[in-house]
Amino acid sequence: MSKNTLILGLQWGDEGKGKIVDALAENSEAVCRFQGGHNAGHTLKVDGEQKVLHLVPSGILHPSVHCVLGNGLVLSLPALQKEITELEESGINFTGRFYVSDDCALILPTHIAIDKVRDKSEGIGTTGRGIGPAYEDKVARRAIRFGDLQDLDKLQNRLEKLVDYHNKILVHLYDAEPIPFQDVMDELRNHQSLFQKFHSGTQDLLRSWVKENKKIIFEGAQGSMLDIDHGTYPYVTSSSTTAGGLSTGLGVGPKYLDTILGITKAYTTRVGEGPFATELFDANADQLAKVGHEFGATTGRPRRCGWLDLKALETIVFINSVTTLCITKLDVLDGFTEIQVCVDYDDEQNPIYKTLPGWKQETSGIRHFNDLPQAAQDYIIFIEGVLDCPVGIVSVGPSRDQTIYRA
Ligand code: IMP
């Protein structure tokens, strides 16, 4: 693996980034996140134990790896505290190797309340974590940021105004209960120790690491089709999930990247509402959902399932400048006699499929590309041909070792 690697999901999230980051982190010095918040959910299987991470980069599971939450994230203090406590209880040490940007915009309890009531009428199907409203305040230049925790007395006035504004929205627009200012202030006060322990000027830190030639993984959350600009708007998340998000969300320019690893499942899933051209509603959908355990890691909602959409991926590969592809969950297709792949859309934007033969053979124990059944190899080769991008990694199961690295 080359030096600095950006890892991105190319679909609607849940591509299995967590597992790949975890596998590659072993040979890295740092894993850094640049957008999103605790709407993300990375499910990993380590030593037979399942772990779901929402905020903390999966690199934390490797004791020598440093982890960063960049300025582009929106941060829920209770969610971060909960995750740190749980990980510390299972023996993971954060001291001296976990850094949170002073510039992260905070998610307040009022943001969560607004997200939940608003989604009832807008029907985006958000994760209800306050992500959209927190980013709105950031862009409107009224956000409370992690660095503001340094002096809560100084913050009082600004916070009062903001909570008052949020409560007007809750009460007057949505007929919902207001949240007492004191509750919001208490949440900040109760978590001030997070600031003391982990706050950092992460832009300078990253610059020094890059200059020292440290090997860094940049970990995207969600997927490109949920990008605020390039995704299926308005059914998107509120951050830049594509490659550009790295520059804004961590302060690292594009020339410091050696590999842009784009991750796609061997098929497609989506949680929440919004268009999904290759969605299936038949027995094939049930099979993908069942074999692939397709339930959201954050909300537990069943994921919608369908065939791989190469037409959409062509655009996404370009937007992200993907240099290497990683195909995950190939083993989920093991039981299919035939596999369809969308190669174009017709005039009504319905998918045009190419049918490829299945392999009807278990792949989860295979570790070398050449040992895969011929039809599975052909499936991968077909994908790289259409996307004009090499497939470097194939994942055939949830465990770290169920990974095929192609020379
Ligand atoms: P939000 O990010 O909570 O505002 O939700 C906006 C949309 O993004 C919804 O369709 C969510 O289901 C989706 N979403 C957000 N985070 C994830 C994720 O980590 N995986 C999959 N979908 C996500």
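Helices and strands are DSSP runs, numbered from the N terminus. The model shown in these close-ups is predicted.

Figure 1. The phi angle of Asp14 is about 65°, although Asp14 is not a glycine. Most residues other than glycine have a negative phi, and most peptide bonds are trans. Asp14 counts as partly exposed, at 22% relative accessibility. Asp14 also belongs to a network of salt bridges, together with Lys265, Glu294, Arg303 and Lys329.

**Figure 2. The salt bridge of Lys265 with Glu294.** The two side chains meet with N and O 3.0 Å apart. Lys265 is part of strand β11 (residues 259-265), whereas Glu294 is in the loop between α10 (283-291) and β13 (304-306), so the pair ties together parts that are 29 residues apart in sequence. Lys265 and Glu294 are both buried. The network that includes this pair also links Asp14, Arg303 and Lys329.

**Figure 3. The salt bridge of Arg400 with Asp22.** A search of the whole structure finds 18 salt bridges. In the one between Arg400 and Asp22, the closest N and O atoms are 2.6 Å apart. Asp22 sits in helix α1 (residues 17-25) and Arg400 in the loop between β18 (391-395) and β19 (403-405), so the pair ties together parts that are 378 residues apart in sequence. Asp22 is buried, with a relative accessible area of 2%. Arg400 is partly exposed, and its relative accessible area is 25%. Side chains of opposite charge can pair when their charged atoms come close.

**Figure 4. The salt bridge of Asp148 with Arg158.** The side chains meet at 3.0 Å, N to O. Arg158 belongs to helix α5 and Asp148 to the loop between α4 and α5, so the pair ties together parts that are 10 residues apart in sequence. Asp148 has a relative accessible area of 22% and is partly exposed. Arg158 likewise counts as partly exposed, at 38% relative accessibility.

**Figure 5. The crossing of helix α3 (residues 109-122) and helix α4 (residues 131-139).** The two axes come within 7 Å and cross at roughly 120°. The crossing in which α3 passes α4 is right-handed. On the α3 side, the residues in the contact are His111, Ile114, Asp115 and Arg118, and they meet Ile131, Pro133, Ala134, Glu136 and Asp137 of α4. By class, the residues of this contact of α3 with α4 are 4 nonpolar, 1 polar and 4 charged.

**Figure 6. The crossing of α3 and helix α5 (residues 152-173).** Here the axes come within 10 Å and cross at roughly 20°. Angles under 35 degrees count as roughly parallel. α3 and α5 are therefore roughly parallel to each other. Their crossing is left-handed. From α3, the residues Thr110, His111, Ala113, Ile114 and Val117 take part, meeting Val163, His166, Asn167, Ile169 and Leu170 in α5. The residues of the contact of α3 with α5 comprise 6 nonpolar, 4 polar and no charged.

Figure 7. Leu205 is buried, with a relative accessible area of 18%. Leaving aside neighbours within four places in sequence, Leu205 is in contact with Val68, Tyr99 and Ser200. Val271 is 66 residues from Leu205 in sequence and 35 Å from it in space, C-alpha to C-alpha.

**Figure 8. The cis peptide bond from Tyr233 to Pro234.** Omega of this bond is near 5°. Pro234 is placed in the loop between β10 (216-219) and α9 (244-250).

**Figure 9. Lys360, a residue other than glycine with positive phi.** The phi of Lys360 is near 45°. Lys360 is located in the loop between β17 (351-357) and α12 (374-387). With 54% relative accessibility, Lys360 counts as exposed.

Conventions:
Residues numbered from 1 in each chain as written. Predicted model: local features only at pLDDT ≥ 70, side-chain atom pairs only at ≥ 80, totals over all residues. Heavy atoms only, no water. Axes fitted to C-alpha atoms, helices over the stretch in contact; angles between N-to-C directions. Helix = DSSP H or I, 4+ residues; strand = E, 2+ residues; numbered from the N terminus. Left-handed = near helix turned anticlockwise from the far one by under 90°. Contact = heavy atoms within 4.5 Å. Nonpolar A, V, L, I, M, F, W, Y, C, P; charged D, E, K, R; others polar. Parallel < 35°, antiparallel > 145°, perpendicular 65-115°, else oblique. Salt bridge = Lys/Arg side-chain N within 4 Å of Asp/Glu carboxyl O. Buried < 20%, exposed > 50% of the residue type's maximum accessible area, 1.4 Å probe, protein only.
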